[in-house]
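Colleague: I would like to learn how to read the features of a model such as this one, starting with charged pairs. Could you take me through them in turn?

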Amino acid sequence: MKIISYNRIINPSLLLINHELPSNTIHRPRLISTSAPSISSFNMRKKVLIMRLPCCFATRAALSSSMKTDTSSGSRKQKSSSFYTHPSLLEMKNEKEANRACVYEFLRSIGIVPDELDGLELPVTMEVMRERVDFLQKLGLTIEDINYYPLVLGCSVKKNMIPVLDYLGKLGVRKSTLTDFLRRYPQVLHASVVVDLAPVVKYLQGMDIKSNDIPRVLEKYPEVLGFKLEGTMSTSVAYLVGIGVARREIGGLLTRYPEILGMRVGRVIKPFVEYLESLGIPKLAVARLIEKHPHILGFGLQERVKPNIKSLLQFHLRETALPSVIAQYPEILGIDMEAKITSQQEFLNSIIESTCEDFGRVVEKMPQIISLSKAPVVKHVDFLKECGFSLEEVREMVVGCPQVLALNLDIMKQSFEYFKSTMARPLQDLVAFPAFFTYGLESTIKPRHKRIAEKGLKCSLTWLLNCSDEKFDQRMGYDFIDLEEMQVGESSFYMNTLLEPRNDESASDCDEDSGEGDNV
């Protein structure tokens, strides 16, 4: 019997285990004569091949199962490990609330009310919060101070407080003033030195405030560190320059009263200036007043200034005299007027028997009388009586020249002795011109009296003294004395002084801007 044999793949899976079968080999069919042993040999090999197949598949299945088991076990271990190291969001939230509750409990135990701290990022532990409280107390702040601004507890000691305090110390802010500094402006501890503080200091230096004056400015007005450069600070300065305040005076003005930098033009400065103008003070004179007394801008217009002006008018001051009164004594706009003026009027009436109208004339000529102590006034009145003046004459002298109640008493005695012994004039001359006591004995009275004595002139004290040295030299060249010049007129000295041009006003604006060293 003949068998036709073909080499072919019956099952593709045999490729996994039969490595001896050549690929891409084509055999032509051929007739093979075989015998029984050959058939038996073929059947034996086939049986062995069939027995090998289940064994290989079992091995591969076991290996695959083992790998899956290891992977699954590793995944479970990883999930189990991740579960314990990364708590859920709910657990994190609960833990945070528990920590905050502990911090709040600690704050309440030392007297701090934490109600305003809701929503503020706080330390997670009570120990860190205790460190902050202790540090603030070492700076001099009390529990009451912290309760006034509890948000300061959100500042980190190392990241916020220490850098800010170091910077202030380098600028020259004194440790003795630091506690009051922080009480007035605790928000500074939130600030960034580079972003918030340094630009403000640079701006102040640009306003001609000297570097060694910067710490004094900050001590007087620490709130300035919280202002925006393009906001209130720049507009207030620009307005003052616009009404006539000299640009080169700004540095000194802000050094003496830095609170101007925080004043709004529309609400504070402009209404104040316009009100003084309405009283008859020219705008340029107002600018001069602000240059010399910048703190008057801090007098509340509605709360203090207007009521004081009303009180002055009620005590028989004339409206036309108000500009001169304010120019002489700007403080009158801000003092506690009603109580003082009533007391002084009663006091003056008791010692010189002055009338209400007399008191009005006295205040017009010397508004400082409202704040003058009573004891010196009594001494001066007694001195004039000792000189031989009657009470009526003393009253006339006081109304004519109230300064006689406030001059240096020793100098008055020397002047009166010279008047009586050397000048040999009647007392009535002093009643007519009590301002005699306001002139310097050595600088004015003696030299002028000597010159008219040498020339043999007879003149009044008014003609002799009530003029400048240049005018007196001209009078010495007269062949006769003009009677009109001997008449006493009310002086507008104070207002004229405010309106006089400064020596530096001839300089151009360019020169003012280029002069870096021009400070007050």
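Modeller: A salt bridge is a side-chain nitrogen of Lys or Arg within 4 Å of a carboxyl oxygen of Asp or Glu. Side chains of opposite charge can pair when their charged atoms come close. Before the cases, note that this is a predicted model, in which local features need pLDDT of at least 70 and side-chain atom pairs count only at pLDDT 80 or more, while totals for chains, interfaces and linings use all residues. Residues are numbered from 1 along each chain as its sequence is written, and side-chain values use heavy atoms, with hydrogens and water left out.

Colleague: How many salt bridges does a search of the whole structure find, and how far apart are the closest N and O atoms of Arg288 and Glu291?

Modeller: The search finds 13 salt bridges. In the one between Arg288 and Glu291, the closest N and O atoms are 4.0 Å apart. Helices (H or I, at least four residues) and strands (E, at least two) are DSSP runs, numbered from the N terminus. Both partners belong to helix α12 (residues 283–292), and because they are 3 residues apart, about one helical turn separates Arg288 from Glu291.

Colleague: Are Arg288 and Glu291 buried or exposed?

Modeller: Buried means under 20% relative accessible area, exposed over 50%, and partly exposed in between (1.4 Å probe, protein chains only). Arg288 has a relative accessible area of 4% and is therefore buried, as is Glu291 with 6%. In α12, 7 of the 10 residues are buried, so the helix is largely enclosed by the rest of the structure; among them are Val286, Leu289 and Ile290.

Colleague: Which residue forms a salt bridge with Arg361, and which with Asp208?

Modeller: Arg361 pairs with Glu364, the closest N and O atoms being 3.1 Å apart, and these two residues sit 3 residues apart in helix α16 (residues 356–365), about one turn of the helix. Glu364 counts as buried because its relative accessibility is 7%. Elsewhere, salt bridges with shared partners join Arg174, Arg216 and Glu219 into one network. Asp208 forms a salt bridge with Arg247, with 3.4 Å between the closest N and O atoms. Asp208 lies in the loop between α7 (193–206) and α8 (214–220), whereas Arg247 lies in the loop between α9 (229–243) and α10 (250–256), so the pair ties together parts that are 39 residues apart in sequence. Arg247 is partly exposed, because its relative accessibility is 22%.

Colleague: How should I read helix packing, and at roughly what angle do the axes of α7 and α9 cross?

Modeller: Two packed helices are described by the angle between their axes and the distance between the axes. Axes are lines fitted to C-alpha atoms, for helices over the stretch in contact, and angles run from 0 to 180 degrees between N-to-C directions. The axes of α7 and α9 come within 12 Å and cross at roughly 20°, so the two helices are roughly parallel to each other (angles under 35 degrees count as roughly parallel, over 145 as roughly antiparallel, 65 to 115 as roughly perpendicular and the rest as oblique).

Colleague: Which residues in α7 and α9 meet?

Modeller: With contact meaning heavy atoms within 4.5 Å, Pro199, Val200 and Tyr203 in α7 meet Leu229, Met233 and Ser234 in α9.
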